[in-house]
Amino acid sequence: MKEIPQERCTAYLIFVVIVSALGGFLYGYHTGIISGALIFLAPIFQLSIVEQGVVVSTILIGGVIGGLFSGTLADRIGRKPTIGLTALLFIIGSLATALAETYSGLLAGRFLSGLGVGVISVAAPLYLAEISPPRFRGAFVSLYQGAVTIGILISLLINYLFAPSQDWRWMFAIGSFPAVLQAIALFYLPETPAWLFKHGRDHHAIHTLAKLRKDTTWRHQIDVMKESASTHKHGSWSALLSPKLRYLLLIGLVLSSFQQLTGINTVIYYAPKIFQQAGVSSATGAILASLGVAIMNVLFTFLSAWLLDRLGRRLLLMIGVVGMAATLALLSLAFFLHSTQTDLIVLLSLMGYVACFAIGLGPVTWVFLSEVYPLKVRGKAMTLAIVANWGFNYLVALTFLDLIVKLKPEGTFLLYAGICILALWFIHRYLPETKGKSLEEIEKALLR
Ligand code: BGC
């Protein structure tokens, strides 16, 4: 039997993947660092409760606005320069926050970082999907999510390390170092072949593919790549409303919204608060418990990266949301029964919940969004899905503390469990499988 040649990566491709995934690290770090820093900012800047909320959520507003421009930027100036722009935003944003002397200075710094976070959440997955061989695409794009989780974990550790000296300025300033590294390394990265073909730079695209791949299977696909790029040169916003694309757009929007509406950021932003409610009284206990949760997030995201191209996107998503629903129901029960064991059950179920998010909705949402749209509208469709993602992120963060008062923790977590069941139905019913196909094959299959 003739053996099918396997796609193989060069060391250079691995380098390219790591540098671009660094964007995820910056995303995680900049969103995570505020929870620890806020404790010191509040008395120094004499912030009211409302002002504290504004400091926390400014990054999310920046995220929505940055997300809004990201796709157009990535289509116009290229994927790589767009990532470069985010590195700059992260450098300026973290330094501005670190040097802030006033409340408005703080907000300006956080807003700039927010723009970076919004733009990178489109640009990095897009870039990774377009430089990956199909066999590794799931793994490479989910490395981006892996980097997000490492960024969150490191931000918690930095919070913990700098807390005794109360040095909040360093907490923010440190966020500029990886961005500087990335900005320098970006000089050695290529533009994606898909973007180059789309802009008529075929020679350059072929040269890039030869550098990224050890195998030669891609040589047989050049015509398909070119065709996919050239027939789609002028993808406009209105093209998204054609019946087939409208359907795909809707699936992406709903999946991206479910990633937030199932409540992950209540845990990421408010874990210590939840532990306090469960009866963990010491601050150190609450911080250590939060670290445990963040570590689970990292470990299971990498497990998912390993499984994605083997088991497929749909199965992992379904396993993930079922697990999230079950652990949320357990969490709700623990708060409802309130016994001496509540704190332990809460810790275990939160760890389980985050692990299940990390197996499914965490990475697979980004993988799916980056591969399901045809090249002509890829940037624009992702933009809309990401704006929905940031919008619901903001909504959940804004309403959680209120919900805990109105519905009590047990009611609140039960609500999120219900949303997980809805997500399961939606995934089972509507989500197409995209494992192992080239982006051009997916385009053909879905738009037939
Ligand atoms: C989500 C973020 C979340 C993070 C946690 C990302 O995929 O978009 O909102 O904070 O995962 O790991």
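The model is a predicted one, in which local features need pLDDT of at least 70 and side-chain atom pairs count only at pLDDT 80 or more, while totals for chains, interfaces and linings use all residues. Residues are numbered from 1 along each chain as its sequence is written, and side-chain values use heavy atoms, with hydrogens and water left out.

I placed Thr 434 in the loop between α19 (408-430) and α20 (439-447), with helices (H or I, at least four residues) and strands (E, at least two) taken as DSSP runs numbered from the N terminus. Thr 434 counts as buried, at 1% relative accessibility; buried means under 20% relative accessible area, exposed over 50%, and partly exposed in between (1.4 Å probe, protein chains only). Setting aside neighbours within four places in sequence, I found Thr 434 in contact (heavy atoms within 4.5 Å) with Arg 137, Arg 313, Glu 371 and Ile 442.

**Arg 378**

I then turned to Arg 378, found in helix α18 (residues 378-406), and noted that Arg 378 counts as buried at 2% relative accessibility. The side chain of Arg 378 makes a polar contact of 2.7 Å with the side chain of Glu 130, and the side chain of Arg 378 also reaches the backbone oxygen of Tyr 373 at 3.0 Å. Not counting residues up to four places away in sequence, Arg 378 touches Leu 126, Glu 130, Ser 370, Tyr 373 and Leu 439. I also checked Thr 72, which is 306 residues from Arg 378 in sequence but 9.9 Å from it in space, C-alpha to C-alpha.

**Helices α16 and α17**

I looked up how helix α16 (residues 342-359) packs against helix α17 (residues 361-372), and the angle is about 20°, with the axes 4 Å apart. The axes are lines fitted to C-alpha atoms, for helices over the stretch in contact, and angles run from 0 to 180 degrees between N-to-C directions. That angle makes α16 roughly parallel to α17, since angles under 35 degrees count as roughly parallel. Phe 357, Ala 358 and Ile 359 of α16 make the contact with Leu 361, Gly 362, Pro 363 and Val 364 of α17.

**Ligand**

I counted 14 residues around the ligand, the closest being Gln 145, Gln 259, Gln 260, Asn 265 and Trp 366, where a residue is near if one of its heavy atoms lies within 4 Å. An N or O atom in the side chain of Asn 265 is 2.6 Å from an oxygen atom of the ligand, a polar side-chain atom of Trp 366 lies 2.9 Å from a ligand oxygen, and for Tyr 27 the corresponding side-chain distance is 3.3 Å.

**Positive phi**

Which phi does Gln 166 have, positive or negative? I noted that Gln 166 has a positive phi of about 60° although it is not a glycine, and that Gln 166 is found in the loop between α6 (137-162) and α7 (168-173). His 338, in the loop between α15 (313-337) and α16, has a positive phi of about 35° and counts as partly exposed at 46% relative accessibility.

Technical notes. Angles under 35 degrees count as roughly parallel, over 145 as roughly antiparallel, 65 to 115 as roughly perpendicular and the rest as oblique. A polar contact is a pair of N or O atoms within 3.5 Å; within protein, one must be able to donate a hydrogen and the other to accept it, and residues adjacent in sequence count only if both atoms are side-chain atoms.
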